[in-house]
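Student: I'd like to learn how to read a structure like this one. Can we go through it together?
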Amino acid sequence: MYWLSGVLGEGKPVWIADPRDAQYLNTADADLLRVAGDSGGLITLDGEYAAATPALLERAPQYQADLEAALNFTKPQFNESMRSGHANM
């Protein structure tokens, strides 16, 4: 919800009961709706559509930090001192 509705969708509702998403997550679309209903006020649910709430968007700093950490994990890390020829060989 944060990324699709809150960030990319400008707060507009997104379909959360997509059978393809359920299959990918090895669950049923009804389970997706059930879990969404238990969001604790972080999303609003309207049928099979949900939207991010201001309470969810307030978590932006943590989500951005998590994204940055995940991206850094996938990038190769270089020993900067080796770039200038200071290799210990």
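Student: Where does Val7 lie?

Tutor: Val7 sits in helix 1. Keep in mind that this is a predicted model.

Student: Okay, and how do I tell whether Val7 is buried, exposed or partly exposed?

Tutor: Look at the relative accessible area: under 20% counts as buried, over 50% as exposed, and anything in between as partly exposed. Val7 has 37%, so we call Val7 partly exposed.

Student: Which residues make the nonpolar surface patch?

Tutor: Val7 is one of them, together with Trp3, Leu4, Leu8, Leu67 and Leu71, and the patch covers about 560 Å². Helix 1 (2–8) and helix 5 (60–74) each bring in at least two of its residues. Helix 1 gives the most, with four.

Student: What about the sheet: what is the order of its strands?

Tutor: It's an open sheet of three strands in the order 1-3-2, and the pairing is antiparallel. Strand 1 (14–15) and strand 2 (43–46) are at the edges with a single partner strand each, so one side of each has no neighbour in the sheet.

Student: How many bridges join strand 1 to strand 3?

Tutor: Two, with strand 3 covering residues 49–52. Trp15, for instance, has Tyr49 in strand 3 as its bridge partner.

Student: And which residues make up the largest nonpolar core?

Tutor: There are ten in all, including Tyr2, Val14, Ile16, Ala36, Ile43 and Ala50. Take Ile16: beyond its neighbours within four places in sequence, its contacts include Met1, Leu32, Ala36, Glu48 and Ala50.

How values were computed: Residues numbered from 1 in each chain as written. Predicted model: local features only at pLDDT ≥ 70, side-chain atom pairs only at ≥ 80, totals over all residues. Heavy atoms only, no water. Patch = residues over 30% accessible without salt bridge, like charges linked within 9 Å, V, L, I, M, F, W, Y side chains within 5 Å. Areas by Shrake-Rupley, 256 points an atom, 1.4 Å probe, with all protein chains shown as cover. Salt bridge = Lys/Arg side-chain N within 4 Å of Asp/Glu carboxyl O. Buried < 20%, exposed > 50% of the residue type's maximum accessible area, 1.4 Å probe, protein only. Pairing = 2+ DSSP bridges. Core = buried A, V, L, I, M, F, W, Y, C linked by side-chain atoms within 4.5 Å. Contact = heavy atoms within 4.5 Å.
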